[in-house]
Amino acid sequence: QVQLVESGGGLVQAGGSLRLSCAASGRTFSGYAMGWFRQTPGKEREFVAAISWSSGRTYYVDSVKGRFTISRDNAKNTVYLQMNSLKPEDAAVYYCAARWGSYSRTPMYDYWGQGTQVTVSS
């Protein structure tokens, strides 16, 4: 069992930055790809970014490329999402997720955090 706890959400002006963190506990972090998804009311959960366990290779949805950076510290069992140049359309509840093996752009992940709210004012 893996528990994921997100933090770092909040209110920011358009153009600003936030850094989300996701701390994993409960068992080894090893072997899990980590992803960030976001969701707004009435919409499906959307893939934002992911990072592989072994190679550290990263993947992004086109709308955040060049603005968001996903990274992980395996020693700390923590994954981060640095969000720069935020836009009002980035506002959502952001979820951290863990998936055994390779990443996925679909919500087919094994474990999820509770989510953290990101609000972007225009």
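Which residue in strand 9 is the bridge partner of Trp 36? It's Cys 96. Before going on, a word on the model: it is predicted, so local features need pLDDT of at least 70 and side-chain atom pairs count only at pLDDT 80 or more, while totals for chains, interfaces and linings use all residues. Residues are numbered from 1 along each chain as its sequence is written, and side-chain values use heavy atoms, with hydrogens and water left out.

Back to strand 9 (92–100). Strands here are DSSP runs of E, at least two residues, numbered from the N terminus, and two of them pair if DSSP finds at least two bridges between them. Strand 9 runs antiparallel to strand 4, with eight bridges joining them. Three bridges pair strand 9 with strand 11, also antiparallel, and there Ala 92 partners Val 118.

Now for the inside. The largest nonpolar core has 36 residues, and Trp 36 and Met 34 are among those with the most contacts inside it. Such a core is a set of buried (under 20% relative accessible area, 1.4 Å probe, protein chains only) Ala, Val, Leu, Ile, Met, Phe, Trp, Tyr and Cys residues joined through side-chain atoms within 4.5 Å.

Arg 72, in strand 7, is buried too, yet has no salt bridge (a side-chain nitrogen of Lys or Arg within 4 Å of a carboxyl oxygen of Asp or Glu). Asp 73, the nearest side chain of opposite charge, is 8.4 Å away. Instead, the Arg 72 side chain has the backbone oxygen of Tyr 32 at 2.9 Å and that of Ile 51 at 3.5 Å.

Technical notes. Helices (H or I, at least four residues) and strands (E, at least two) are DSSP runs, numbered from the N terminus. Buried means under 20% relative accessible area, exposed over 50%, partly exposed in between (1.4 Å probe, protein chains only). Lys and Arg count as positive and Asp and Glu as negative; His and the chain ends are not counted. A polar contact is a pair of N or O atoms within 3.5 Å; within protein, one must be able to donate a hydrogen and the other to accept it, and residues adjacent in sequence count only if both atoms are side-chain atoms.
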